Amino acid sequence: MSEVPENANQGCPGVASEQSGKSEACAGCPNQQICAPGAMKQPDPDIAIIAERLANVKHKILVLSGKGGVGKSTVASQLAFALAANRNLQVGLMDVDICGPSVPRMMGLEGKTLRDTVLGWLPVYVQENLAVMSVGFLLGSEDDAVIWRAPKKNGIIKNFLKDVTWGELDYLIIDTPPGTSDEHLSVVQLLKETHP
């Protein structure tokens, strides 16, 4: 996660600076309250929830590339299918390509939606041992555009990790967007912080 919020004022000293929330550049910034000294240094209470949710996930695999159009989603989908061919394995596929969620189409799940329960979001199942989560399941139509700034993208990724009821998984495959963006940094940092 970046030290300077994307929507920060010009000249932002950064959230880790002693001047965060106090410098002239902070006047009128929408992040001024959360950047106040010490506010950003507090442990994220969601980390414990994410750690608990992912405690029963044995292996986490990120599929990523610095370039778009090279087949990341195809590799992630095919890897999920290949692993799930062994009916003794429980496999999850999480699509964090927020602006281009192609996994529902690749998995034959177009038009499917999530179910929200008291336990959290239930992923959509391709078969008994293969569960999928994607922002594509939250859209009204496959043609709907997702145009979000980094904080909102990071928030939905955190929700996917915190609120999805995966159950016990042998593998969680995470399909990422092109490049090396906030989405990559967020998911890696959250996974790192939840795995001692």
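This tour moves through the structure above, one selection at a time.

**Before starting**

The model is predicted: local features need pLDDT of at least 70, side-chain atom pairs count only at pLDDT 80 or more, and totals for chains, interfaces and linings use all residues. Residues are numbered from 1 along each chain as its sequence is written, and side-chain values use heavy atoms, with hydrogens and water left out.

**The whole protein**

Display the protein as a cartoon. Five helices and seven strands are present; helices (H or I, at least four residues) and strands (E, at least two) are DSSP runs, numbered from the N terminus. Followed from the N terminus, the elements run α-β-α-β-α-β-β-β-β-α-β-α. Of the 196 residues, 40% count as buried, where buried means under 20% relative accessible area, exposed over 50%, and partly exposed in between (1.4 Å probe, protein chains only).

**The sheet**

Select the strands of the open sheet, which has five strands in the order E1-E7-E2-E6-E5 with mixed pairing. Two strands pair if DSSP finds at least two bridges between them. At the edges are E1 (57–63) and E5 (124–127), each of which pairs on one side only. From one strand to the next, the twist averages 20°.

Strands of a sheet pair through backbone hydrogen bonds, either parallel or antiparallel. For a parallel example, select E2 (residues 91–95) and E7 (residues 169–175), which pair over five bridges. Here Gly92 has Leu172 in E7 as its bridge partner.

For an antiparallel example, select E5 and E6, which pair over three bridges. These strands form a hairpin with two residues between them, and Tyr125 has Ala131 in E6 as its bridge partner.

**The helices on the sheet**

Select helix H5 (residues 182–193). At 1.5 Å a residue, its 12 residues should span 16 Å, and its end C-alpha atoms are 16 Å apart, which agrees; the expected span is 1.5 Å times one less than the number of residues. Buried in H5 are Glu183, His184, Ser186, Val187, Leu190 and Leu191. Seen down the axis of H5, the buried residues fall within an arc of 165°, so they line one face of the helix; the arc is that of the directions from the helix axis to the C-beta atoms.

H5 lies across E1, E2 and E7, running at about 160° to E1. Axes are lines fitted to C-alpha atoms, for helices over the stretch in contact, and angles run from 0 to 180 degrees between N-to-C directions. Contact means heavy atoms within 4.5 Å.

**Leu62**

Which strand holds Leu62? Leu62 lies in strand E1. At 26% relative accessibility, Leu62 counts as partly exposed. Leaving aside neighbours within four places in sequence, Leu62 is in contact with Ile174, Thr176, Val187, Val188 and Leu191. The C-alpha atoms of Leu62 and Ile174 are separated by 4.7 Å, although the two residues are 112 residues apart along the chain.

**The core**

Finally, select Met94, Leu161 and Trp166, the residues with the most contacts inside the largest nonpolar core, which has 41 residues. Such a core is a set of buried Ala, Val, Leu, Ile, Met, Phe, Trp, Tyr and Cys residues joined through side-chain atoms within 4.5 Å. Not counting residues up to four places away in sequence, Trp166 touches several residues, including Leu54, Met94, Tyr125, Phe160 and Leu172.
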